Amino acid sequence: MDSREIEADLTEVLVTEQQIRDKLAELARRIEADYEGRDLLLVGVLKGAVMVMADLARELKPHVNMDWMAVSSYGAGTTSSGVVKILKDLDSDLSGRDVLIVEDIIDSGLTLSWLTGNLASRGAASIEICALLRKPDAAKVEIDVKYLGFDIPNQFVVGYGLDFAERYRNLRDVAILAPHVYS
Ligand code: XMP
Ligand code: MG
């Protein structure tokens, strides 16, 4: 696909690369202050969170550990059912660790609701969430997200790690996917 074809698939840029960079810097300063003197384990959720993880981790001044999980939600069509399967588990033992889950987007909230419960059962000392994006109008469960980038409208977005059928992940901005692409 050339860049003109990609542009035709997008209706609007919602969050620019520069806005993301500025926001992650702001969140990183808060995280540094909140975890001062403690060892932090960043847990990224594959694959959508790779860009947030890479940029947030490098924005953080103190040493952090990084680990990854891959999960998939079962359910009909494109909507999350809340029933989650672990495709790749963490390598780390969580007992006594301060864990910060790093996510791309909170949609219904069902995935993160399940994930925080699952990680809590492994004996972490603390579990908090950092998510770049949230769709407040799509929430099915309340998620207590301590570090949030942007609230966005309830539309399907791609870029900065977010995909449609594995495409558009490497776009630098977050943009709304044109309905003609998926309907
Ligand atoms: P829930 O509904 O459980 O879903 O909060 C979270 C996961 O669903 C994916 N998701 C999206 N992916 N554009 C995407 O590319 C979107 O607008 C979108 N909304 C949800 C994503 O993997 C997220 O972790
Ligand atoms: Mg995700």
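A residue is called buried here if 20 or more other C-beta atoms lie within 10 Å of its own, exposed if 12 or fewer, and partly exposed in between, with C-beta atoms placed from the backbone. Helices (H or I, at least four residues) and strands (E, at least two) are DSSP runs, numbered from the N terminus. The model is predicted, so local features need pLDDT of at least 70 and side-chain atom pairs count only at pLDDT 80 or more, while totals for chains, interfaces and linings use all residues. Residues are numbered from 1 along each chain as its sequence is written, and chains are lettered from A and ligands numbered from 1 in the order in which they are written.

## The sheet

Start with the strands. Six of them form an open sheet in the order β4-β3-β2-β5-β6-β7, and the pairing is mixed. Two strands pair if DSSP finds at least two bridges between them. β4 (84-88) and β7 (147-151) are the edge strands; each has a single partner, so one side of each is left without a neighbour in the sheet. From one strand to the next, the twist averages 30 degrees. Angles here run from 0 to 180 degrees between N-to-C directions, and axes are lines fitted to C-alpha atoms, for helices over the stretch in contact.

In general, strands of a sheet pair through backbone hydrogen bonds, either parallel or antiparallel. β2 and β5 (residues 98-106) pair in the parallel sense over five bridges. β5 and β6 also run parallel, joined by eight bridges. The table gives bridge partners from these pairings.

| Residue | Bridge partner | Strand of the partner |
|---|---|---|
| Leu40 | Asp98 | β5 |
| Leu41 | Val99 | β5 |
| Val99 | Ile127 | β6 |
| Leu100 | Glu128 | β6 |

Val99 can be followed across the sheet. It is the partner of Leu41, and Val99 in turn has Ile127 as its partner in β6.

How many residues of β5 are buried? Eight of its nine are, so the strand is mostly covered. β6 is mostly covered too, with seven of its nine residues buried.

## Leu132, a residue of β6

Leu132 lies in strand β6. It is buried, because 29 other C-beta atoms lie within 10 Å. Contact means that the C-beta atoms of two residues, placed from the backbone, lie within 7 Å. Leaving out residues up to four places away in sequence, Leu132 touches Ile20, Val52, Asp104, Ile105, Gly149 and Phe150. Val52 is 80 residues from Leu132 along the chain, yet their C-alpha atoms are separated by 7.1 Å.

## Helices on the sheet

Helix α2 (residues 17-34) lies across β5, β6 (126-134) and β7. Its direction is at about 155 degrees to β7. Helix α3 lies across β2, β3 (64-73), β5 and β6, and runs at about 155 degrees to β2.

Helix α4 spans residues 110-120. Which of its residues are buried? They are Leu110, Thr111, Leu112 and Leu115. The cover over these buried residues includes β3, β4, β5 and β6.

## Where α2 meets α3

Two packed helices are described by the angle between their axes and the distance between the axes. For α2 and α3, the angle is about 55 degrees and the axes are 9 Å apart. The crossing of α2 past α3 is right-handed; the term applies if the near helix is turned clockwise from the far one by less than a right angle, and left-handed if anticlockwise.

On the α2 side, the contact residues are Leu24, Ala25, Leu27 and Ala28; on the α3 side, they are Asp55, Leu56 and Glu59. Five of the contact residues are nonpolar, none polar and two charged. Ala, Val, Leu, Ile, Met, Phe, Trp, Tyr, Cys and Pro count as nonpolar, Asp, Glu, Lys and Arg as charged, and the others, Gly among them, as polar.

## Backbone details in the loops

A cis peptide bond joins Leu46 and Lys47, with omega about -5 degrees. Lys47 sits in the loop between β2 (40-46) and α3 (50-59).

Another loop runs between β8 (157-158) and β9 (174-177), and Ala165 is in it. Phi of Ala165 is near 50 degrees, a positive value in a residue other than glycine. Tyr168 is in the loop between β8 and β9 as well. Its phi is near 75 degrees, again positive in a residue other than glycine.

Are these residues buried or exposed? Ala165 counts as exposed, because it has 8 C-beta neighbours inside 10 Å. Tyr168 has 22 inside 10 Å, so Tyr168 counts as buried.
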